[in-house]
Amino acid sequence: MATNEGMTIERTDDTLIVRSMRSGINWIGAVFAAFSLFWTLFWNRHDAQSEGMYWLGLGGGIIFILIGISLLLPRRILTVFDLRSQRVRRSMAVFGYVYRDQTFQFSEIAGVGIVEGSQIDNRDAMPVLIVKTGPPLPLNTVRTYRVGIGDIESVAQVEYICAATGLKNVKEHDLA
């Protein structure tokens with residue numbers, strides 16, 4: 001079993017299971033929700049120039065509070081590579097509620113690769129499943145903060161998945 005900040009890989013006889021669960025608090029969501037709440041309760045109440053602007057600001061503030069709260073919700077991505085039937089099943093869930101469930105044949109998959117991290121917006125490198133038709137699908141939950149894990153762990157995970165499944169290891173320059 002390989003692990004990387006909330007992402008684990010388990011191998012059984014005929015399956016490879018990649019689990020990713022965001023644990024801990026997403027501080028960006030907490031700060032965004034707190035600022036939106038503060039703005040809605042204090043600034044909008046006192047600085048609105050008219051009743052219409054007050055209600056517009058209140059509606060916008062509530063929407064932003066809900067966005068901040070949604071960033072705080074625990075998320076899970078489960079990807080199961082069934083080696084016998086040559087299929088991949090990927091499901092995404094919030095609070096255990098599956099909101100996206102996808103199944104692909106190995107023939108529909110271009111490979112497994114890494115979307116590189118960025119210091120500009122503080123993203124870590126992320127292993128992705130590259131489907132021939134569609135955007136890359138993350139195998140790990142999206143993190144918008146640097147947690148000290150490097151690209152080395154992500155590269156090792158992609159290599160492990162490719163070795164176990166026989167899928168192609170797609171490099172960053174091949175993704176463009």
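Biologist: What ground rules apply here?

Modeller: It's a predicted model, so local features need pLDDT of at least 70, side-chain atom pairs count only at pLDDT 80 or more, and totals for chains, interfaces and linings use all residues. Residues are numbered from 1 along each chain as its sequence is written, and side-chain values use heavy atoms, with hydrogens and water left out.

Biologist: Why is the pair Phe-32 and Phe-64 called edge-to-face?

Modeller: Rings of Phe, Tyr and Trp (its six-membered ring) pair if their centres lie within 6.5 Å; planes under 30 degrees apart are stacked, over 60 edge-to-face, the rest tilted. Here the centres are 5.8 Å apart and the planes sit at 85 degrees, so edge-to-face it is. Phe-32 belongs to helix 1 (residues 27–47) and Phe-64 to helix 2 (residues 51–72).

Biologist: And what makes Phe-38 and Phe-42 tilted?

Modeller: Their planes are at 45 degrees with centres 5.2 Å apart, so that pair is tilted. Both lie in helix 1, four residues apart.

Biologist: Why does Phe-38 count as partly exposed?

Modeller: Buried means under 20% relative accessible area, exposed over 50%, partly exposed in between (1.4 Å probe, protein chains only). Phe-38 comes out at 48%, so partly exposed.

Biologist: How do you know that strand 8 is largely enclosed by the rest of the structure?

Modeller: Six of the six residues of strand 8 (residues 126–131) are buried, so that's the conclusion. Met-126, Val-128 and Ile-130 point one way, and Pro-127, Leu-129 and Val-131 the other.

Definitions and conventions. Helices (H or I, at least four residues) and strands (E, at least two) are DSSP runs, numbered from the N terminus.
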